[in-house]
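Please guide a new reader through the side-chain contacts of this structure. The dialogue takes up one feature at a time.

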Amino acid sequence: MSKPDYSGTFNMVEQTNMDSYLGALDINFALRKIVCLLSPRKEITHDPASGDMRIRTLTTFKNFNMEFTIGTEFTEDLGPVDGRTCQTTVSWEGDNLLCVQKGEKEGRGWTHWLEGDKLHLEMRVAGITAKQVFKKA
């Protein structure tokens, strides 16, 4: 059975619990407040045949790029986010993308899934969960 193609440009339309999530990552108060005001755009390039994926998260403050092959562990530089590196694996869980980030912070990772023209992102760390919803542009 083929997996969904996540390719597209998505604009954030909803966000919940981001301040608590960033606090669990030890992000300082001022930076947390700035990040919570941003409206990120995601540009995703996905080749379902090879599993290669690139996720660009773009804001007026800071951009973050993530390139990987689904199912292959890699060293992720999270410097633009919280100054850490971790061993990251993104794999399929049904039609969802499940990311596990092994490093200093316990229980860190995220899940992406598609529902119609919406891209959902649930981020987890140390028992705290934040959610963002993006609409296809």
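This is a predicted model: local features need pLDDT of at least 70, side-chain atom pairs count only at pLDDT 80 or more; totals for chains, interfaces and linings use all residues.

Q: How many aromatic pairs does a search of the whole structure find?

A: A pair of aromatic rings is described by the distance of the centres and the angle of the planes. In this structure, the search finds two such pairs. Tyr6 and Trp92 make up a tilted pair, with 6.0 Å from centre to centre and 50° between the planes.

Q: Where in the chain do Tyr6 and Trp92 lie?

A: Tyr6 belongs to the segment before strand 1 (8-16), while Trp92 belongs to strand 6 (residues 84-93); the pair therefore ties together parts that are 86 residues apart in sequence. Tyr6 has a relative accessible area of 0% and is buried, whereas Trp92, at 27% relative accessibility, counts as partly exposed.

Q: Which aromatic pair is stacked?

A: Phe68 and Phe74 form the stacked pair, at 5.9 Å centre to centre with 5° between the planes. Phe68 counts as buried because its relative accessibility of 5% is under 20%. Phe74 also counts as buried, at 16% relative accessibility.

Q: How many salt bridges are there?

A: Side chains of opposite charge can pair when their charged atoms come close. Here the count comes to 12 salt bridges. In one of them, the side chains of Lys33 and Asp19 meet at 3.4 Å, N to O. Lys33 lies in helix 2 (residues 29-37) and Asp19 in helix 1 (residues 18-24), so this pair ties together parts that are 14 residues apart in sequence. Lys33 is partly exposed, with a relative accessible area of 35%, and Asp19 is partly exposed at 25%.

Q: Which parts of the chain does the pair of Arg54 and Glu67 link?

A: The side chains of Arg54 and Glu67 meet in a salt bridge of 3.5 Å, N to O. This pair links distant parts of the chain, with Arg54 in strand 3 (residues 52-58) and Glu67 in strand 4 (residues 64-69), 13 residues apart. Arg54 is partly exposed, at 32% relative accessibility, while Glu67 is exposed, with a relative accessible area of 54%.

Q: Are Asp82 and Arg108 buried or exposed?

A: Both residues, Asp82 and Arg108, are buried. Their side chains meet in a salt bridge of 2.6 Å, N to O. Asp82 lies in the loop between strand 5 (74-78) and strand 6, and Arg108 in strand 8 (residues 108-115), so the pair ties together parts that are 26 residues apart in sequence.

Q: Which residues do salt bridges that share partners join into one network?

A: The network consists of Asp26, Asp82, Arg84, Glu104, Lys105 and Arg108, joined by salt bridges that share partners.

Note on methods: Residues are numbered from 1 along each chain as its sequence is written. Side-chain values use heavy atoms; hydrogens and water are left out. Rings of Phe, Tyr and Trp (its six-membered ring) pair if their centres lie within 6.5 Å; planes under 30 degrees apart count as stacked, over 60 as edge-to-face and the rest as tilted. Helices (H or I, at least four residues) and strands (E, at least two) are DSSP runs, numbered from the N terminus. Buried means under 20% relative accessible area, exposed over 50%, partly exposed in between (1.4 Å probe, protein chains only). A salt bridge is a side-chain nitrogen of Lys or Arg within 4 Å of a carboxyl oxygen of Asp or Glu.
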